[in-house]
Amino acid sequence: MEAPLDITLQMILTVVAGIGAQVLAEFLKLPGIVLLLLFGVLLGPSVSGLLNPDRLGVGLEVIVSLLVAVILFEGGFNLQLRDLGRVSGSLRNLVTVGTLITLLGGGMAAHWLSEFPWAIAFLYASLVVVTGPTVINPLLRQVKVDREVATLLEGEGVLIDPVGAILAVVVLNVLLNGDADPLNVTSGLILRLGIGGGIGVAGGWMMGFILKRAAFLSDDLKTLVVLAGLWGFYGLAQIIRSESGLMAVVAAGIVLRALAVPGERLLRRFKGQLTILAVSVLFILLAADLSIPGVIALGWGGLFTVLALMFVVRPINVWVCTWNSNLNWRQKLFLCWISPRGIVSASVASLFAILLTQRGISGGESIKALVFLTIITTVVSQALTAQSIANLLQVNLKSATGAVIVGCNPLSLVVARLFAERGEPVALIDTDPEVLQQAEQENIRVFINSALDVEVLEEAGVATMGTFLSMTNNGEVNLVIAQQAAEEFRPPHVLAVFPGDPQNVTVNPKLTIGRAFAPQVSVKTWSQYISNGSVKLGETVLREEDFAQQQAYLQKLIAEGVMVPLLMERNGCLQVVLADEVWQEGDRLIYLKHDSKPKLLKLLSGSSQTELKPEKIPEVENVLPPQVSSETALEEARTD
């Protein structure tokens, strides 16, 4: 077969296998990285021999370097400086002190357990200090953990990749040239980071300037300008100083995101799709390049080295680097477990194996085998167990608290105040400036802007809140806003007040958007009731002894429009009631009940109140005996 056709077929097989693995992973609800590794090994020379990356020659190194640049740029572009500020101390420690701990601990483990010479052992350790966005980001897309932990893992993965790659090159130079002068080693590391960071910052600012000023550029062309720019900065940095290009693309991504360029949403989506393709191709190619006999030859010593890295070195790293942080022990324990190695480790290890062999130094293939064993063990074990561990340690996003509420009206203010009184963060969004004073009187943050603006949602904190609720007077607008929030941020609970059959909205079936409160509740009507003082705020606990009767009675009141359920406390968690909620014994229900008693009569009886507080309402608490007709019960509930 002709060489060009052979290489073409190899690349086609790689792309088809990579995307096929991603599709199958989505269908089976498995982490995509696990199937990518499996497909790569099965297609490689060690099993079927259908895919042989060696046929690509130097093209393999070119493909790997360019795609890794895209992945790291996307990782930097997704980093939020505001979120990084919350974990800046721990992140700084993980990238600096943590790197040193892993280098020392990994080197000692490889020397004592795998019996590597000290030089080769520390070269291995320098290759596995990185975690990398190629594995962390896909993992966090499937396993939703609280924002503080996710930000720390994402930041570590993005920032430690260039540091680790440069450190590995410095250690290799020491091994090849015998120059172990600490001053030279440190200066080489700092010089590469400085050159890459400087070029990246300048390049990111320049791209932002172009995207803001060049109004003639179409959105499609803007994304390609960014792609060309990041590869240009990567190449420039590599020319000036080898291995500084990775730092350049990370810095460019961070700066470009901070500049808030127009069309950012489209840019993120394009880069996200490109990154999925890059990860798919890279994992298939590098897994196919794995020699299974070489891994087996490592014996138990190799496995024990990896286990020591996972269960000894990583926990020491995390506990030392987060000693003075605000993280609780559950968050720290989850960070100890999640540290999968990825593309940068594999690609640099493959390159080093070739260089060491060319220089006549033994151990290159052993390093490569041990690095791949580290990647496979960490990726498979941590990807398959991350969700279970997150649930066990209660660091999953489902346990996140607080709410972002769209629409500032009397009804939404009641809901917001109930969340705030529990000590949970709350933010309101509305376009009417007149509601600002009313919300501030309740000590609730309010954003006077459109909730259709993704940046406004982001500023309000949707990414870190447990609940997103859209409850303006327009039900169809509520549904559109809720869909956008679900698509962009995927908070644990997305709810909206909307009609049963929205006329002008196409609902995405992949998004779970709950209908809040009751099937046909009117925000406008109940807000008017609250403004007129014709409501009571009640609370009740669904009792075990008469659960069915009590539930039926409450449902009748809701169906007749006498009552609207707002919030429910279950297992210590406060949540917005769904219209189709399945109630359970022990649930604490907070509701509004329409009280049509004339205002004058209420004032004379002294029952007027300036602020609604949850109370036990006798006519709701005293469930009538079965022989009393439902019509009578409803009539009494209205007139009480």
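This is a predicted model: local features need pLDDT of at least 70, side-chain atom pairs count only at pLDDT 80 or more; totals for chains, interfaces and linings use all residues.
Over the ring of which residue does the charged end of Arg 257 sit?

View 1. Residues are numbered from 1 along each chain as its sequence is written, and side-chain values use heavy atoms, with hydrogens and water left out. The charged end of Arg 257 sits over the ring of Phe 77, 5.9 Å from its centre (a charge sits over a ring if NZ of Lys or CZ of Arg is within 6 Å of the ring centre and within 35 degrees of the ring normal). By the rule that rings of Phe, Tyr and Trp (its six-membered ring) pair if their centres lie within 6.5 Å, with planes under 30 degrees apart counted as stacked, over 60 as edge-to-face and the rest as tilted, the count comes to 7 aromatic pairs. One of them is the stacked pair of Phe 73 and Phe 77, at 6.1 Å centre to centre and 15° between the planes. These two residues are 4 apart in helix α3 (residues 58-78) and are therefore separated by about one helical turn; helices (H or I, at least four residues) and strands (E, at least two) are DSSP runs, numbered from the N terminus. Both Phe 73 and Phe 77 are buried, where buried means under 20% relative accessible area, exposed over 50% and partly exposed in between (1.4 Å probe, protein chains only).

**View 2. The pair of Phe 311 and Trp 337.** Phe 311 and Trp 337 form a tilted aromatic pair, 5.7 Å centre to centre with 35° between the planes. Phe 311 lies in helix α15 (residues 299-321) and Trp 337 in helix α16 (residues 329-337), so the pair ties together parts that are 26 residues apart in sequence. Phe 311 counts as partly exposed at 48% relative accessibility, whereas Trp 337 is buried, with a relative accessible area of 16%.

**View 3. The open sheet.** The 6 strands have the order β3-β2-β1-β4-β5-β6, with parallel pairing (two strands pair if DSSP finds at least two bridges between them). Strands β1 (residues 403-406) and β4 (residues 467-470) are joined by 4 bridges, and Val 404 has Phe 468 in β4 as its bridge partner.

**View 4. Helix α19.** Of the 12 residues of α19, 9 are buried, so this helix is largely enclosed by the rest of the structure; among the buried residues are Leu 411, Arg 417 and Phe 419. After α19 comes Gly 423, whose phi is positive, near 80°.
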